[in-house]
Amino acid sequence: MDSATKYHFFLRGNLLNYYSHSPSKENDISNLKGWIDLLCITSIKSEGDNIGGTEFVLVARDGKRHTLIAKDIDEKNKWVSVLNQQIKVLSEAKVVTFSFF
């Protein structure tokens, strides 16, 4: 990886939102740059020795790879753990449908 762009990440339900700057308020989307839908993520791969062991990759169903770099190994491990837990919860969620007659 030649250069990395710094983003601030916030997990909300199934969306991992990323911002150019940390939002000043919880619902502030003025500097929202995008999101990653965890419902589309099939795996999270830890990239071992790359960038001091702080790199991990979210792999989507369509093959797209989202490479993230944490500030240190502890932060990477926390993010990977939380994201894996959230993906598991989302995949086990029961879909409720309503029929109206």
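## Pairing of β2 with β3

Strand β2 (residues 15-19) runs antiparallel to β3, and five bridges join the two. Strands here are DSSP runs of E with at least two residues, helices are runs of H or I with at least four residues, and both are numbered from the N terminus. Two strands count as paired if DSSP finds at least two bridges between them. Within this pairing, Leu 15 stands opposite Asp 37 of β3, and Leu 16 has Ile 36 as its bridge partner in β3.

The model is a predicted one, in which local features need pLDDT of at least 70 and side-chain atom pairs count only at pLDDT 80 or more, while totals for chains, interfaces and linings use all residues. Residues are numbered from 1 along each chain as its sequence is written, and side-chain values use heavy atoms, with hydrogens and water left out.

## The sheet and its helix

Strands β1 and β2 are also antiparallel, paired over five bridges; here Leu 11 stands opposite Leu 16 of β2. The two strands form a hairpin with two residues between them, and Gly 13 in the turn has a positive phi of about 60°.

Three strands, in the order β1-β2-β3, make up an open antiparallel sheet. Its edge strands are β1 (8-12) and β3 (32-37), each of which pairs on one side only. From one strand to the next, the twist averages 25°. Helix α1 (residues 73-92) packs on the sheet, touching β1 and β2, and its direction makes about 30° with that of β1. Axes are lines fitted to C-alpha atoms, for helices over the stretch in contact, and angles run from 0 to 180 degrees between N-to-C directions. Contact means heavy atoms within 4.5 Å.

## The nonpolar core

A nonpolar core is a set of buried Ala, Val, Leu, Ile, Met, Phe, Trp, Tyr and Cys residues joined through side-chain atoms within 4.5 Å. The largest has 13 residues, of which Leu 16, Ile 41, Ile 44, Phe 56, Leu 58 and Leu 83 touch the most other members. At least two residues of this core come from each of β4, β5 and α1.

Leaving aside neighbours within four places in sequence, the contacts of Phe 56 include Ile 44, Trp 79, Val 80 and Leu 83.

## Thr 54

Thr 54 lies in the loop between β4 (41-46) and β5 (55-60). Thr 54 counts as buried because its relative accessibility is 7%; buried means under 20% relative accessible area, exposed over 50% and partly exposed in between (1.4 Å probe, protein chains only).

The C-alpha atoms of Thr 54 and Ile 69 are separated by 5.5 Å, although the residues are 15 apart along the chain. Beyond four places in sequence, Thr 54 is in contact with residues including Leu 68, Ile 69 and Lys 76.
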